[in-house]
Amino acid sequence: MPIRTPRLLLRPKQPGDGAATVAAVSETWDDLHQWMQWAEKLDDNTIEQQEIRTRMVMAKFILREELNFVGIEIASGQPVIWCGFHDIDWKARQCDTGFWVRKSAQGRGFATESTNALLRYAFGALGLRRVGITHSGGNEASRRVVEKLGFAPEGVQRLASLLPGGRVADKHCYARLDLVGLPSLEVQWGVP
């Protein structure tokens, strides 16, 4: 750690990230509340709650159950994307990935760049064989990222995405099994 691209520094979440996360969640609430199951009530988005979540995420990182990252834009020093690996199965050498981008940084390619970097890290440093990703039906921004990065469609799970407010949507499932055809990107890891 960290993982570096030309524009991003992807590092594990750490104590003190709470205030920046609260600001980003508040700024992006309309999008998050539409697509992210955890974005149920804005009142739950406090610095204290984010710091508690950060400590839980750090424990999962140490146990290698989940690897969650904050993407810092190198030029501005501002956090712009939250991403990582979840549902890691080390025996089967597979996991899922996902992301969300703060509102003020959307449309600038950070989701594509960070996910590309994570794929390279997964198949390189982690030695994984499969990385999956999903998006809810109607989430066109996420669909575009998935398609740009050449994830192969694996199917649709009908009404399987639970969304805030008890809403449900179809879950579109994709995976990559290697780096073949992945758009070119300069990525380094383990270099401070």
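Reader: Why is Ile 72 called buried?
Author: Buried means under 20% relative accessible area, exposed over 50%, and partly exposed in between, with a 1.4 Å probe and protein chains only. The relative accessible area of Ile 72 is 13%, so Ile 72 counts as buried. The model is predicted: local features need pLDDT of at least 70, side-chain atom pairs count only at pLDDT 80 or more, and totals for chains, interfaces and linings use all residues. Residues are numbered from 1 along each chain as its sequence is written, and side-chain values use heavy atoms, with hydrogens and water left out.

Reader: Where does Ile 72 lie, and which residues does it touch?
Author: Ile 72 lies in strand β3. A strand is a DSSP run of E with at least two residues, a helix one of H or I with at least four, and both are numbered from the N terminus. Contact means heavy atoms within 4.5 Å. Not counting residues up to four places away in sequence, Ile 72 touches Arg 7, Leu 8, Leu 9, Arg 11, Gly 77, Gln 78 and Pro 79. For scale, Ile 72 and Trp 90 are 18 residues apart along the chain, and their C-alpha atoms are separated by 28 Å.

Reader: What makes Leu 10 a buried residue?
Author: Leu 10 has 0% relative accessibility and therefore counts as buried. Its place is strand β2. Beyond the neighbours within four places in sequence, its contacts include Pro 2, Ile 3, Phe 69, Val 70, Ser 114 and Leu 118.

Reader: How do you know which residues form a nonpolar core?
Author: A nonpolar core is a set of buried Ala, Val, Leu, Ile, Met, Phe, Trp, Tyr and Cys residues joined through side-chain atoms within 4.5 Å. The largest such set here has 34 residues, and Ile 3, Leu 10, Phe 69 and Phe 85 touch the most other members. Two or more residues each come from β2 (8-12), β3 (67-73), β4 (79-89), β5 (94-101), α4 (110-123), β6 (130-136) and α5 (140-148). Helix α4 gives the largest share, eight residues. A separate, second core has 10 residues, among them Val 25, Ala 39, Ile 72 and Trp 82. In soluble globular proteins, nonpolar side chains tend to be buried together.

Reader: Which residues does Phe 85 touch?
Author: Leaving out residues up to four places away in sequence, Phe 85 touches Glu 66, Leu 67, Phe 69, Cys 95, Asp 96, Thr 97, Leu 118, Tyr 121, Ala 122 and Leu 126.

Reader: Which residues of helix α1 are buried, and what do they pack against?
Author: In helix α1 (residues 18-27) the buried residues are Gly 18, Thr 21, Val 22, Ala 24 and Val 25. They pack against α2 (29-35), α3 (47-62), β4 and β5.

Reader: Is Ser 136 buried or exposed, and how do you know?
Author: Its relative accessibility is 8%, so Ser 136 counts as buried. Ser 136 is in strand β6. Residues up to four places away aside, Ser 136 touches Trp 35, Ser 161, Leu 163, Ala 169, Asp 170 and His 172.

Reader: Why is Arg 93 put in the class it has, and why is Leu 159 put in its own?
Author: Arg 93 has a relative accessible area of 35%, so it is partly exposed. Leu 159 reaches 56% relative accessibility and therefore counts as exposed. Arg 93 is in the loop between β4 and β5, while Leu 159 is in strand β7 (residues 152-162). Phi is positive in each case, near 55° for Arg 93 and near 50° for Leu 159.

Reader: What makes the chain as compact as a globular protein of its length?
Author: The chain has five helices and nine strands. Its radius of gyration is 16 Å, close to the 16 Å that the globule rule gives for 192 residues, so the chain is as compact as a globular protein of that length. The radius is taken over C-alpha atoms, and the rule is 2.2 Å times the number of residues to the power 0.38. Of the 192 residues, 43% count as buried. Among contacts between residues at least 6 apart in sequence, 66% join residues at least 24 apart.
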